[in-house]
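Reader: I've got a structure on my screen and would like to talk it through. Can we start at one helix and work from there?

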Amino acid sequence: SKRLQNYADPLEIMTKYGSDALRLTMLSSSALKGEELLIDQDGNMVFDNLRLYIRPIWQAFHFFTLYANSDNIKGEVIHSATNVLDKYILAKLRTATEVIDLSLKNFDSQGAYLAIANFFEVLNNWYIRRSRERFWKKTKDHDKIEAYNCLYTCLHVMAAACSPLLPFLMEEIYLGLNYSNVATEPLSVHLLDFPQVDQLKQEVDLVKTMDLVR
């Protein structure tokens, strides 16, 4: 109620948690289906979305930049891989990107945010955890370089796919990934076309088996 002032001030929430977190709270809520959306005055609901959706994305980006900078490695976009974990996550990347694309075309932002959350849950809690020794090994062999390129590909593609939904976060990640490629890459993630993932293999049997293992 405007008269009672019994609502959280949006400007204070954006200052405290960021506008992407507030946008996510609104666009992933039942309000889009004509139902009520009650945001507590302390903004705890917005903080929960920041913790559950946004922080995992930043954690994956932070992991990549921390070790890529330490190893002096620049990632590249790849469309195929030899390691079974790389094949799996690239297939999951294709599926997530296609779901986000279809959801946006159907004005289903709830489905799009869910696809983002599911992908980064797999990326952080399965792919990165299972691949840590590959990133940490001292020798820069093919397996290590492929792991970096695979993670870079996931972050680069998702930055473009998620940019309509998390515009400020994905701009920061995109610029961080391409800080040394300003001469060849667009200056903003919002100048990119939506990513085409047809070249990534679906790996149906592998994904089914790996999901079962997980």
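This is a predicted model: local features need pLDDT of at least 70, side-chain atom pairs count only at pLDDT 80 or more; totals for chains, interfaces and linings use all residues.

Reader: Which residues of helix 7 are buried, and what do they pack against?

Author: The buried residues of helix 7 are P167, L169, M170, E171, I173, Y174 and L177. Follow those side chains and you get to their packing partners: helix 2 (19–27), helix 3 and helix 6 (142–162).

Reader: Okay, over to N83. Is N83 buried or exposed?

Author: N83 sits in the loop between helix 3 (44–71) and helix 4. Its relative accessibility is 19%, and the cut-off for buried is under 20%, so N83 counts as buried.

Reader: Which side chain does N83 join in a polar contact?

Author: Skip the neighbours within four places in sequence, and N83 is in contact with R134, D143 and E146. The polar contact between side chains, at 3.4 Å, joins N83 to D143.

Reader: How are helix 4 and helix 5 oriented to each other?

Author: Helix 4 (residues 84–105) and helix 5 (residues 109–136) have axes 9 Å apart, at an angle of about 170 degrees. Angles over 145 degrees count as roughly antiparallel. Helix 4 and helix 5 are therefore roughly antiparallel.

Note on methods
Residues are numbered from 1 along each chain as its sequence is written. Side-chain values use heavy atoms; hydrogens and water are left out. Axes are lines fitted to C-alpha atoms, for helices over the stretch in contact, and angles run from 0 to 180 degrees between N-to-C directions. Helices (H or I, at least four residues) and strands (E, at least two) are DSSP runs, numbered from the N terminus. Angles under 35 degrees count as roughly parallel, over 145 as roughly antiparallel, 65 to 115 as roughly perpendicular and the rest as oblique. Buried means under 20% relative accessible area, exposed over 50%, partly exposed in between (1.4 Å probe, protein chains only). A polar contact is a pair of N or O atoms within 3.5 Å; within protein, one must be able to donate a hydrogen and the other to accept it, and residues adjacent in sequence count only if both atoms are side-chain atoms. Contact means heavy atoms within 4.5 Å.
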